[in-house]
Amino acid sequence: MGKTTGFLDYARKNNTDVPVSERIHTFEEFHIPLDDEERKRQAGRCMNCGVPFCQSAMKLSGMVTGCPLHNLIPEWNDQIWLRHRGHGYARLSKTSNFPEFTGRVCPALCEKACTCGEHSDPVSVHDNELYLIEWAFANGRVVPRIPEIRSGKRVAVVGSGPSGLAVADELNHRGHTVHVYEREDRIGGLLMYGIPNMKLDKSVITRRQKLMEEEGVTFHTKTDIKDKESADELMRNFDAVVLCCGAKKARALPGADPAAIPGIHYAVDFLKSTTKSLLKTNDHTSAGLFRSGGFISAKNKHVVVVGGGDTGNDCIGTVIRHGCKSVTALEMMPEPPEERLPSNPWPEWPKTKRTDYGHEEAIALWGSDPRIYETTVKEYITGKNGKLRSIVTVKVKMEDRKLVEVPGSEQTLKCDLLLIAAGFVGCEPYTAEAFGAELTGRGAVMTEPGHYKTGLPGVFTAGDMHRGQSLVVWAITEGRECAREVDEYLMGYTV
């Protein structure tokens, strides 16, 4: 504990943001890091608790609190305070493969469990983590670690999202030869095409890809393992196969068929189209996006987003950068409280209202929160050309554990573009079926509880394809743990 009174001496200070009026015209990242001296003080707030809940990943009341990777948070906070940033990076990289991803997109389960947060503001663990990894990249501390000895074993990883990348990274450093197969034109899974550029600049992914390639991992893009023939080929050529295809089967909205009604799209399809267009040019402004073209446009449209999670928020931020006329977000659940309720004490995950960047931008532009709670879509109204023109919403409430409509609560909203961000219901099953892997009722690949090996010899699974829709930090955690099982399967033991 470098600063014994740091949590008393210093108030929490977050990274600053580019003003809304400026950032909504560009898809560049908009968080401005604190200077080295202020970051040192923020790390000095860490109490180095006797029981560091921040790294515990405990399940309390059915929710996990604390870091699933069990990052050694008090240790590297101490090293930042002491200005031993190289040592801090060494401790961070011991448990985390990709801090540059989680430092940008993780909702910071660690901070929700920080002891400082019981009575005051938690330590800025999320920003401290990003500071360390970016300092390490900038100062030449992140260098290729090429295995000196190869095991002679070959592993195929199907899917290059965070879980697949973690599996590949771990097994490559163990000395196995790893090939990663990705159906898209670029690696990263939802990191690349599900998270907007202003939240995770895509150069961050390509930087990590280059490093992994230098270390010996081979990536095959535009390669879809979609049938028994391609699955059998992998089984013949590799000693183990790991399925990490994510949970990309979107939850449908009753009556909202994107194929039947022009103007209705699944959120990930919409976000992917924007990112693909941005990647065509080095100009990440809104004007540059429209010059590249070929995407689902929200310009001059009244947009409704159905779903209140991170993806819904990302849609709000994206349509604002497109230049939409308005944006409304519908959420079926009641509005959460601003502060913790007595029934939801620290260090449980706080079930409180969170206003993210997209919501902030909508409030700044139109003067009100875009979210409407306890509401869903009842009817879709199209014009003579068949395109979506407006929607009829209805209030809902919970009765006997079922959502029921509130009579007489219907309202009509202008809507040229409806984005479905209602989550996912499991993996797209064709790859699992190609291998003959069994699926659970939730659309995940079946394994024994707490394990990653499927019922097929040499076939494993990890990430959202294994646990269902979840966070990037959980995907990385699963990838690391799965790699241990694969290593033990290949070698008879694991290190």
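I started at Asp-400, in the loop between strand E14 (388-399) and strand E15 (402-405). For the element names I used DSSP runs numbered from the N terminus: helices are H or I runs of at least four residues, strands are E runs of at least two. What I have here is a predicted model, with local features needing pLDDT of at least 70 and side-chain atom pairs counting only at pLDDT 80 or more, while totals for chains, interfaces and linings use all residues. Residues are numbered from 1 along each chain as its sequence is written, and side-chain values use heavy atoms, with hydrogens and water left out.

I looked up phi for Asp-400 and got a positive value near 50°, in a residue other than glycine. Is Asp-400 buried or exposed? Asp-400 counts as exposed because its relative accessibility is 75%. My cut-offs: buried is under 20% relative accessible area, exposed is over 50%, and partly exposed is in between, with a 1.4 Å probe and protein chains only.

Next I went to Glu-374, in the loop between E12 and strand E13 (375-382). Glu-374 is not a glycine either, yet its phi is positive at about 50°. Its relative accessibility is 31%, so I put Glu-374 down as partly exposed.

**Trp-346 and Pro-347**

I then checked the loop between E11 and H16, where I found Trp-346 and also Pro-347. The peptide bond from Trp-346 to Pro-347 is cis, and I noted omega near 5°. Trp-346 counts as buried because its relative accessibility is 18%.

What does Trp-346 touch, not counting residues up to four places away in sequence? I listed Phe-53, Lys-112, Ala-113, Cys-114, Thr-115, Gly-117, Glu-118 and Arg-340. Contact in these notes means heavy atoms within 4.5 Å.

**Helix H16**

On helix H16 (residues 357-366), I picked out the buried residues as Tyr-357, Gly-358, His-359, Glu-361 and Ala-362. These pack against helix H2 (20-23), helix H15 (310-322), strand E11 (326-330) and strand E12 (371-372). After H16 comes Gly-367, with a positive phi near 85°.

**Glu-184**

I looked at Glu-184 in the loop between strand E6 (177-181) and helix H10 (190-193). Glu-184 is at 15% relative accessibility, so I count it as buried. Leaving out residues up to four places away in sequence, Glu-184 touches Tyr-193, Thr-221, Lys-222, Lys-272 and Lys-276.

**H4 against H5**

For helix H4 (residues 73-81) and helix H5 (residues 85-95), I noted a packing angle of about 165° and axes 7 Å apart. That angle makes H4 roughly antiparallel to H5. The axes are lines fitted to C-alpha atoms, for helices over the stretch in contact, and angles run from 0 to 180 degrees between N-to-C directions. The angle classes are roughly parallel under 35 degrees, roughly antiparallel over 145, roughly perpendicular from 65 to 115, and oblique for the rest.

Which residues make the contact? From H4 I wrote down Glu-75, Trp-76 and Gln-79, and from H5 Arg-85, His-87, Gly-88, Arg-91 and Leu-92. By class, this contact of H4 with H5 has two nonpolar, three polar and three charged residues. Here Ala, Val, Leu, Ile, Met, Phe, Trp, Tyr, Cys and Pro count as nonpolar, Asp, Glu, Lys and Arg as charged, and the others, Gly among them, as polar.

**H9 against H19**

Helix H9 (residues 162-174) packs on helix H19 (residues 472-491) at an angle of about 40°, and their axes are 7 Å apart. That makes H9 oblique to H19. On the H9 side, the contact residues include Ala-166, Val-167 and Leu-171, and on the H19 side they include Ile-476, Gly-479 and Val-486. I have the residues of this contact of H9 with H19 as eleven nonpolar, two polar and four charged.

**Cores**

Last, I looked up the largest nonpolar core, which has 56 residues; Val-157, Val-242 and Val-486 touch the most other members. H19 gives the largest share of this core, eight residues. A nonpolar core is a set of buried Ala, Val, Leu, Ile, Met, Phe, Trp, Tyr and Cys residues joined through side-chain atoms within 4.5 Å. Apart from this core I found another, of 20 residues, among them Ala-267, Ala-298, Val-303 and Ile-316.
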